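Visitor: I am new to reading protein models. Could you take me through one, feature by feature?

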Amino acid sequence: MSQAEFAAALLSPRSPAPHGLRTWNGSDPAQRFRVYRNNVVVALIDALAATFPVTLALCGEAFFRNMAREFALASPPASPLLADFGQDLPAFIAGHEAARPVPYLADVARLEAARAAVWHAGDATALAPDTFAGFPSDIGEAVLKLHPAHAVLSAPYPVVSIWAAHNGLGELADIDLNLPEEALVIRPDLDTEIWRLPPGGAAFIRAVGAGQTVADAAMTAWAGNPAFEPAAALSLAIRARLFIAIIPGASR
Amino acid sequence: MPRAAGTAQTARLASAPAAPLPSPAGLPARAGIGFKSEHAEELKKGPASIGFLEVHAENYMGAGGRPHADLTALRALYPLSVHGVGLSIGGERPLDRAHLDRLRRVLERYQPESFSEHLAWSTHDGHYLADLLPVAYTGATLTRVVDHIDQVQASLGRRMLLENPSTYVAFTASDWDEVDFITEVQRRSGCGLLLDVNNVAVTCANHGRDPIAYLDAFPVAAVGEIHLAGYAEDHDSLGARLLIDAHGSPVATDVWPLYAHALSRTGPVATLIEWDNDVPALDRLIAEATMAEGYLSAASARREHAA
């Protein structure tokens, strides 16, 4: 028996048990091997269920666990850091035929994957919103440094509203499922928060994160979405405590 | 890091008993519990009547956030044991250097009184299999495990404890008895041992062995910690008991006498209540730890009486 054979048998439920196993009493080693097979798959499914609770609620526990099993066996974790496991689940869901009836499932999973990544991301001291209170109109020339524990995403579905409804904030029945939404996931201190961004907000934050000045980032966002309103996006990001440093422009 | 390099020299002395590695003060000979995040706020109120906390190393390998904030606060209040589950010391492939580096950073940051890992493998060809898988007890495995422990101890600059496994199958290739194998690994590597008494109960039930004989043969002088946990019960294809190391229930009634027997050989030693699934309220965990403290006190009294 090699560990390659043992590992392959663990990940392919229909294959026979590996060679070279024995039992003290002559009982069937394959039946005992199934304890390992079960331990592995249950641990991986449980890890995904913990990371994707709203995704699970949307498709039902039985459906989620079947889908998670298929994903886990096809793409087992690449490291013992189970907290990272599942970053590829949204893409798997997007290509999963059986998940089609819930078209927004993959996008909600993207939001939950971002939430998990932000939970473990690096620490930094977020600027308090009143840091910006006395800031003059030339904020447009400034470059703002973003907190490392953040993510933004744009979805063709109202993923923030769906996520919020599953966390007791609003009713799922009141949501127009055809509206796109953009999300900011941010952990200014220890708790992760999810904010609904105004249209174009995700592109704006990405551009600021790439080092553009606030004014240039606003132009970038506006080019992608004429409905973009810079003041709304900037004030939300300030209230969400997305920024950790202000580098004033050199124009004056 | 000069100290680690020096240790590497010492630890690689072929098959002779290794020279002692820098060893932290060690855990107190008291009962501890596994730290679960839902108990963080209660535990931060001040030292509960527990001797130490144990955490899984892999939960503290992220960059930041609440896990580190909690552990930093708790580490100031309690002695700490860091227990790894992902190093794959029994693996056929070389150790994952990136994982070993992550582990070293956790230990440097929290300076735990103890670090332990398993006689098992969990990673193969870049896939983490999320379970502690069994090794065949052969001469080749022995050499490999000792090499891996040498590498771990040299890299971490400290002595580690190696835990005896729970297993459900045995291998036709095994030509070493489990306790003899562990004894020889310990002798060659100079590592310490973590005696998991629940694993002794599970493994002995699953392979038709006498747990008392197992404990009597165990090289107790190297034991730096004991684990206790609950098992789940199943049956094999012939209807014989098949115990599963489940960590989701109280310590089983037949494990407590084995614990008492183990203590009669080891003397009082740090003892962890492991309860990782269906985690109960903190009070319930502390009640289990208090049971263990009772056995520890009795072991201390016996020791003083004998002295």
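**Salt bridges, folds and an interface**

Guide: Over all chains, the structure holds 22 salt bridges. A salt bridge here is a side-chain nitrogen of Lys or Arg within 4 Å of a carboxyl oxygen of Asp or Glu. This is a predicted model, in which local features need pLDDT of at least 70, side-chain atom pairs count only at pLDDT 80 or more, and totals for chains, interfaces and linings use all residues. Residues are numbered from 1 along each chain as its sequence is written, chains are lettered from A and ligands numbered from 1 in the order in which they are written, and side-chain values use heavy atoms, with hydrogens and water left out.

Visitor: Which residue forms a salt bridge with D123(A)?

Guide: The general idea first. Side chains of opposite charge can pair when their charged atoms come close. The partner of D123(A) is R187(A), with the closest N and O atoms 2.7 Å apart. D123(A) lies in the loop between α6 (105-120) and β2 (143-146) of chain A, and R187(A) in the loop between β4 (181-186) and β5 (193-197) of chain A, so the pair ties together parts that are 64 residues apart in sequence. Helices (H or I, at least four residues) and strands (E, at least two) are DSSP runs, numbered from the N terminus.

Visitor: How many helices and strands does chain A have?

Guide: Chain A has 10 helices and six strands. Its radius of gyration is 23 Å, well over the 18 Å that the globule rule gives for 252 residues, so chain A is more spread out than a compact globule. The radius is taken over C-alpha atoms, and the rule is 2.2 Å times the number of residues to the power 0.38. The C-alpha trace of chain A spans about 85 × 40 × 30 Å along its principal axes.

Visitor: What about chain B?

Guide: Chain B has 10 helices and 13 strands. A compact globule of 307 residues would have a radius of gyration near 19 Å, and the 19 Å of chain B agrees. Its C-alpha trace spans about 50 × 45 × 45 Å along the principal axes.

Visitor: Which strands pair with β1 of chain B?

Guide: Two strands pair if DSSP finds at least two bridges between them. β1 (31-34) of chain B pairs in the parallel sense with β13 (271-274) of chain B, over three bridges. There, I33(B) stands opposite I273(B). β1(B) also runs parallel to β2 (53-56) of chain B, joined by two bridges. In that pair, G34(B) faces E54(B).

Visitor: Do β5(B) and β6(B) run parallel or antiparallel?

Guide: Antiparallel, with three bridges. W121(B) has L133(B) as its bridge partner. The hairpin has two residues between the strands, and D125(B) takes a positive phi near 50° there.

Visitor: How many salt bridges cross the interface?

Guide: Two. In one of them, D191(A) meets R66(B), at 2.7 Å from N to O.

Visitor: Which strand of chain B pairs with β1 of chain A?

Guide: β8(B) does, antiparallel, over two bridges. R22(A) stands opposite A170(B) there.
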